[in-house]
Amino acid sequence: MAALTSEQKLELFYWMVLTRTFDEGMVNLWKQGRGLGGTFSERGHEAVSVGSAYALAPEDIIAPMHRDIGAYFLRGLTPRRVFGNLLGKATGVSGGRDANIHGMGDLSLGIVGYISHIPMSMPITLGVAMTLKLRNEARVAMTYVGDGGSSAGLWHETLNMAGLYNAPYVLIVENNQYAYSTHVSDSIPIENIADRAAGYNMPSVIVDGNDVEAVYHATCDAVERARHGGGPSLIEAKTMRMMGHAIHDGAEYVPRELLAEWEKKDPVARYESKLLAEKAADLDELDEIRQRAAIEIEDAIEFAEASPYPQPETVEDGIFAP
Ligand SMILES: Cc1ncc(C[n+]2csc(CCOP(=O)(O)OP(=O)(O)O)c2C)c(N)n1
Ligand SMILES: [Mg+2]
């Protein structure tokens, strides 16, 4: 696999910074009473969503979940459309139907909308992968699931079928240690979720979910394998959910020392230090990227706030059987 060029590294940094800036903007909006819908912070998940999505080709299909805003951005869903969605505006991805991250799909960008019933995105994405395989297309379908979602029956059914049919399917397990207030050790009797892949005859790897390049390389391996007929793979990215489940949740049940320990491994700050240390960029270049992201997010918030709510007469648009 080709090593990342400095230009690619700066792209990875840009997408992570954009994601972090979006996240902070979203949380601030909500705290100021200007936010309307679901506010799920993805702080700490930037390396997973960006590193994995960066490994896909434009023709591949992706189904991100609620902490994968970076993957949506990278695939071309703009911050304007995402903020429009969160504020329930007509300019949002769902046209103001759902002021949340649910259903934020755009098939023209190869994005299957997030299905809120966890882990329902998994079998849907497997259906996509099976279609690609039956059509003999060298394309891959990738989706995400959390540690909590990894004990649902559908998780096992989907991986069983993916293994059985050798589907071009990549599953990113975002093990952020918590599902709402439940620590992973209270829901799963083994240390590594990746070990479950053996039961479905698929390779798996455990990756440092706070290291964007490690996530990228692991995903490239899985995507290449899937693209060339090698079947499905599971990648377990170990990370930490740095805020509560959603904005209303202060996460008092998470030990502060655990958060402090993971704060030291912050994926964005860590990548910045790496880029500087290996002289892939200087501080001015990184500052310029931060400014670019700040301007883009500020513009997106202004755009979304100024956007209209959907017209009542459009309420039946997009409904299959009104
Ligand atoms: C079938 C189902 N049950 C419950 C919920 C409510 N719910 C949404 S997110 C969540 C926790 C998911 O935890 P995890 O899979 O670890 O993902 P994380 O939020 O940590 O990224 C729950 C219980 C849901 N969306 N779907
Ligand atoms: Mg979790």
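A polar contact, as the term is used here, is a pair of N or O atoms within 3.5 Å. The structure on display is a predicted model, and the tour begins at its ligand.

**Ligand 1 and its polar contacts.** Select ligand 1 together with Gly 148. A polar backbone atom of Gly 148 lies 2.8 Å from an oxygen atom of the ligand, a distance that falls within the 3.5 Å cut-off. Next, display the side chain of His 66: one of its polar atoms is 2.7 Å from an oxygen atom of ligand 1. With a surface shown, consider the ligand as a whole: taken alone, ligand 1 exposes 580 Å², of which the protein buries 69%.

**Two loops.** Move to the loop between strand 3 (169-175) and strand 4 (178-179), and select Gln 177 there. Gln 177 is a residue other than glycine with a positive phi, near 75°. Then go to the loop between helix 4 (79-86) and helix 5 (121-134), which holds Pro 119. The peptide bond joining Ile 118 and Pro 119 is cis, with omega at about 0°.

**Helix 1.** Finally, select residues 6-31. This is helix 1, with 26 residues; from its first C-alpha to its last it reaches 37 Å, close to the 38 Å expected at 1.5 Å a residue. After helix 1 comes Gly 33, whose phi is positive, near 75°.

How values were computed:
Residues are numbered from 1 along each chain as its sequence is written. Chains are lettered from A and ligands numbered from 1 in the order in which they are written. This is a predicted model: local features need pLDDT of at least 70, side-chain atom pairs count only at pLDDT 80 or more; totals for chains, interfaces and linings use all residues. Side-chain values use heavy atoms; hydrogens and water are left out. A polar contact is a pair of N or O atoms within 3.5 Å; within protein, one must be able to donate a hydrogen and the other to accept it, and residues adjacent in sequence count only if both atoms are side-chain atoms. Accessible areas come from the Shrake-Rupley method with a 1.4 Å probe; for residues, only the protein chains shown count as cover. Helices (H or I, at least four residues) and strands (E, at least two) are DSSP runs, numbered from the N terminus. The expected span of a helix is 1.5 Å times one less than its number of residues.
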